[in-house]
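Please look over the chain and its ligand below. The report that follows covers loops, ring pairs, domains and the ligand shell.

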Amino acid sequence: MTQATPITVAAGDGIGPEIMQAVLRIIQAAGARLRIETIPIGMSVYQRGCSAGIEPAAWESLRRTRVFLKAPITTPQGGGFKSLNVTVRKTLGLFANVRPCTAYHPFVRTRHAGMDVVIVRENEEDTYGGIEHRQTQEVVQCLKLITEPGCRKVVRYAFEYARKHGRRKVSCFTKDNIMKMTDGLFHKVFEKIAAEYPDLEHEHWIVDIGAAKLTDTPEAFDVIVMPNLYGDILSDVAAQIAGSIGLAGSANIGEHAAMFEAIHGSAPRRAGQNLANPSGLLLAAVMMLVHIQQPQVAETVHNAWLRTIEEGVHTYDIFQENVSREKVGTAQFADAVIARIGKSPARLAPAHYASAVEATLPLPPPPSAPQKKKEIVGVDVFVDWNGLNRDPELLARELIRANGDGLELTMITNRGTKVWPQGIPETFCTDHWRCRYMQRTGQGRGPMGHAQITNLLQRIAATGIDFIKIENLCTFDAEPGYSLGQGQ
Ligand code: NAD
């Protein structure tokens, strides 16, 4: 008998305490060896004036145990509160969100009897940095940041997960036909890492048609890895079409820590009524047991749960006349699972966790690529301009006055589309313009410097035009690190 594993548990809000109690009762009855540290999170903490929803003492527990079983919390309405989930994910570096979406046909209603997909979602980057700005009267912006190490971590995790769990294929969804640099990087890293796993199939889908295929024929997929936003949306879609959001658990994986939770929220309207389905949190706890090296207990719990579902003992959310046999509450559902400990399902595929598979992933050190030579070759100056008829020719005439010092205006775009030179009047223009100045080449000119940019901005300021921000245009080993204008 191995020692008890310390874990941190939070009972959360709404239905959280009921489903957590049910889950702990089941896994302990199945022999889980746990030393539980309980921390408060969510509403009670927000109401004490802690805007993060989690207190310093709780971080000490999380850093000590590095394993977090978390019930859903209620996110307070209104501004001033930080998302607890995002805070925990980012603080602990939980870069991958893993969500198995499985159909339990014919016991839980679904149109996709054979569905068994695992979605691995990047968890820290993309537009989820929440870096947003209002730049003009008409235009707001959200920054989409994709990093090479971020892609490398989540993609490698997806391949490792597939290999360790006996899966055969990893698919990647991106929109790199449009976002050639950001999603393009994700795709490029995917192809590079796939080459290290010749035992696994790999494929790439543009996310729109991939999503259509996933919702129509989920059996065509096995493990799918995606950037954050697509993964957020499609993992809910996948869980729903598998049968019910209420049945899916998820793991948030870092290099040193992992958090396990149901994917649903705190369902406040169902709270305190012994109605909620504890299955999502229970399946998250099964993933946790595998992670903490108690695969036998995980297998016992998972199979007892499958048997319970198969025998038609269902909570209200998955109850169907003529399929279900007994409608039960949260506590009775837990009793039913406990009564089936030691049994396996007769019709559904039994769970099998042959050996412990740690969910955290000690990553190999980053490849030692030589630093590329970075040179500035121009600058995009974004301006707020609402001049006569929003005529790009007039704006260009003003901005050309700022030419000089080796820099000249070469292009203006509006929402990414080239409107000068040679725009057409049909293009709709807002008050937000990108004005591209490039370094004049030739005559023995070296790379341009920051001083040329600040001087340019001073000349633009002198024209009276309101600039909002700049983006330097750089090359990396002579390869352009910026996109062209649409229509350029
Ligand atoms: P929700 O998931 O709580 O509820 C959506 C619907 O599903 C409701 O009809 C609910 O009754 C039902 N439902 C959810 N879980 C169920 C279960 N286990 N058993 C039976 N029925 C269940 O989503 P919501 O209503 O949009 O959000 C409620 C609160 O939860 C919000 O404050 C939200 O911010 C929060 N939330 C928290 C998390 C988290 O902590 N991880 C995730 C999502 C939402």
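In which loop is Pro 421 found? Pro 421 sits in the loop between β17 (417–420) and β18 (432–439). The coordinates are those of a predicted model.

**Backbone features**

The peptide bond from Trp 420 to Pro 421 is cis. Its omega is near -5 degrees. Gln 422 also has its place in the loop between β17 and β18. Gln 422 is not a glycine, yet its phi is positive, at about 55 degrees. Is Gln 422 buried or exposed? The relative accessible area of Gln 422 is 70%. The cut-off for exposed is over 50%, so Gln 422 is exposed.

Asp 405 also has a positive phi, about 60 degrees, although it is not a glycine. Asp 405 lies in the loop between α12 (392–400) and β16 (407–414). With 39% relative accessibility, Asp 405 counts as partly exposed, because that class runs between the 20% and 50% limits.

A cis peptide bond also joins His 105 and Pro 106. Omega there is about 0 degrees. Pro 106 is placed in the loop between β4 and β5.

**Aromatic pairs**

How many aromatic pairs does a search of the whole structure find? The search finds eight. Two of these pairs are set out here.

| Pair | Centre to centre | Angle between planes | Geometry |
|---|---|---|---|
| Tyr 104 and Trp 305 | 5.0 Å | 80 degrees | edge-to-face |
| Phe 173 and Phe 221 | 5.5 Å | 75 degrees | edge-to-face |

Phe 173 belongs to strand β8 (residues 169–174). Its partner Phe 221 is in the loop between α7 (207–216) and β10 (223–226). Here the parts are 48 residues apart in sequence, so this pair ties a strand to a loop. Phe 173 is buried, and Phe 221 is buried too.

Rings also group beyond pairs. Phe 95, Tyr 157 and Tyr 161 form one aromatic cluster.

**Ligand shell**

Which residues come nearest to the ligand? Of the 18 residues around the ligand, the nearest are Thr 75, Gly 265, Ala 267, Asn 277 and Tyr 316. The shell divides into seven nonpolar, seven polar and four charged residues.

Tyr 316 has a side-chain N or O atom 2.8 Å from a nitrogen atom of the ligand. Asn 85 places a polar side-chain atom 3.1 Å from a ligand nitrogen atom. At Ser 266 the backbone takes part: one of its N or O atoms lies 3.0 Å from an oxygen atom of the ligand. On its own the ligand has 810 Å² of accessible area, and the protein covers 66% of this.

**Domains and overall dimensions**

The domain assignment divides the chain into domain 1 (1–95 + 245–358), domain 2 (111–242) and domain 3 (374–480). Domain 1 is thus given in two segments, because the assignment lists 1–95 and 245–358 together. The C-alpha centres of domain 1 and domain 3 are 53 Å apart.

Asp 384 is found in strand β15 (residues 374–384). How far is Asp 384 from Ala 71 in space? The C-alpha to C-alpha distance is 46 Å, and the sequence separation is 313 residues. Asp 384 has a relative accessible area of 21% and is partly exposed.

The chain holds 13 helices and 20 strands. Along its principal axes, the C-alpha trace spans about 85 × 50 × 45 Å. Of its 488 residues, 52% count as buried.

Key: Residues are numbered from 1 along each chain as its sequence is written. Side-chain values use heavy atoms; hydrogens and water are left out. A residue is near a molecule or strand if one of its heavy atoms lies within 4 Å of it. A polar contact is a pair of N or O atoms within 3.5 Å; within protein, one must be able to donate a hydrogen and the other to accept it, and residues adjacent in sequence count only if both atoms are side-chain atoms. Accessible areas come from the Shrake-Rupley method with a 1.4 Å probe; for residues, only the protein chains shown count as cover. Ala, Val, Leu, Ile, Met, Phe, Trp, Tyr, Cys and Pro count as nonpolar, Asp, Glu, Lys and Arg as charged, and the others, Gly among them, as polar. Rings of Phe, Tyr and Trp (its six-membered ring) pair if their centres lie within 6.5 Å; planes under 30 degrees apart count as stacked, over 60 as edge-to-face and the rest as tilted. Helices (H or I, at least four residues) and strands (E, at least two) are DSSP runs, numbered from the N terminus. Buried means under 20% relative accessible area, exposed over 50%, partly exposed in between (1.4 Å probe, protein chains only).
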